[in-house]
Amino acid sequence: MTTTTTEPHRSTSPTDRYSPRQIMVAVVLGVLLLQLGFITSYVAAFHQPTPRDIPIAVVTESGLPDGIGQQVTDELNGIDGHPVEARTAANTYEARSMIRDREIMGAYVISPTGTDTLITANAAGSSAATALEGIFTKVDTVKHRTFVVRDEVPVAVHDNRGLSGFYLSLGWVVGGYLLAAAIGLLIGAPRTLREAGKHIAIMAGYAAVSGFLGALITTHLLGTFTGHLLPLSLLGAGVVFATGIFTMGLRAAVGILAVPLAILIFVVLGNPSAGGAFGSNVLPGFYAAIGRWITPGAGTEGVRSIVYFQGTGVGQPIVTLAIYTVVGVALMLGFAARNTRRAPVTA
């Protein structure tokens, strides 16, 4: 007697046990909850942006009494609401280097002439730069001083307020989870390790193509970013693949609920926390904490690091994308292997 293993049978849909009316009620309620979550999340994130712990350096020029720099630093750190986190720097060169190394987001240079200089970096976040101008306008009004603004790392001419990177990242994310959702709804989750491998390969190929095309549009067709085609293509492929493969993993784990879960993670929570319109230093604490750990925020920060800071700071986005990729692949392969073990055995 020989024993052969047949291909795993297709399981019935989880919705088969419910009536069309019950399914319709569940769908309507589910969409309503997502809609209300979208409204609540975006309004909560954007309704009252407040600067918080913006890292800056204080520099004193020669000709001022000793201790002025530390005195001003202490005063800035004592402002109600703690809008800035100030430290001292030895000179303007050191402060500028710290800005380019992304250790701080601005510097305040105190001059003996009474006209100080506020050094900002709009490319690191225009909302933070604007917030710093507002903070020091109030500070200098009280002290009867004036200041001029110097943008150390400005955004590109065609990158209004530095938002292009956010929209580029958003496009990559949308493409990733839409393809994964379409495959899940039309074909279903992989039932064998071989099918899982095919789905992963399809997503990888799509990610490579869409990552390159997104980068090509912004670097060559629109001229938003120039000279960064290859690194942006690699970043885009990573964003698309991480988002898509994680959604596929959810599809294998929880079935059709993967689509609303993906929307919840990447749209309802990911978009407002990504640091596009408002950076993490002016968002509420919850959104500031989660933004860098969701793919829209990882993509936005990755574009910013590549285009304006020679790759400084790109490590954290890479870690985020790697986590989503590993989890997604593990879920797909794990559930495919489980389905294979459950396959019926015939004599």
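**Entry 1: Met332.** I began by asking which residues Met332 touches once those up to four places away in sequence are set aside. I found Pro190, Ala196, His199, Ile200, Ile245, Met248, Gly249 and Ala252. Met332 itself sits in helix α11, which covers residues 315-341. Is Met332 buried or exposed? Its relative accessibility is 0%, and buried means under 20%, so I put Met332 down as buried. I also checked a distance to Arg191: the two C-alpha atoms are 9.2 Å apart, although 141 residues separate the pair along the chain.

**Entry 2: confidence.** A reminder to myself that this is a predicted model. The mean pLDDT of the protein is 88, and 94% of the residues reach at least 70. Over residues 1-11 the pLDDT falls below 50, and I noted 19 contacts in the model from this stretch to residues beyond its near neighbours in sequence. Among the elements, helix α7 (residues 229-254) has the highest mean pLDDT, 96, while strand β7 (residues 345-346) has the lowest, 46.

**Entry 3: the sheet.** Next I traced an open sheet of five strands and wrote its order as β3-β2-β4-β5-β6, with mixed pairing. From one strand to the next, the twist averages 25°. I then looked inside the sheet, where β4 (residues 106-110) and β5 (residues 115-120) run antiparallel and are joined by four bridges. I looked up Tyr108 too, and its bridge partner in β5 is Leu118.

**Entry 4: helices on the sheet.** Helix α2 (residues 68-77) packs on the sheet and touches β2 (54-60), β3 and β4. Its direction makes about 170° with that of β3. Helix α4 (residues 126-143) lies across β2, β3, β4, β5 and β6, and runs at about 165° to β6.

**Entry 5: the core.** How many residues does the largest nonpolar core have? I get 73, and those with the most contacts inside this core are Ile54, Ile56, Leu76, Phe136, Phe266 and Val303. Helix α7 supplies the largest share of the core, 10 residues. As background, nonpolar side chains tend to be buried together in soluble globular proteins.

Conventions:
Residues numbered from 1 in each chain as written. Predicted model: local features only at pLDDT ≥ 70, side-chain atom pairs only at ≥ 80, totals over all residues. Heavy atoms only, no water. pLDDT = per-residue confidence, 0-100. Helix = DSSP H or I, 4+ residues; strand = E, 2+ residues; numbered from the N terminus. Contact = heavy atoms within 4.5 Å. Pairing = 2+ DSSP bridges. Axes fitted to C-alpha atoms, helices over the stretch in contact; angles between N-to-C directions. Core = buried A, V, L, I, M, F, W, Y, C linked by side-chain atoms within 4.5 Å. Buried < 20%, exposed > 50% of the residue type's maximum accessible area, 1.4 Å probe, protein only.
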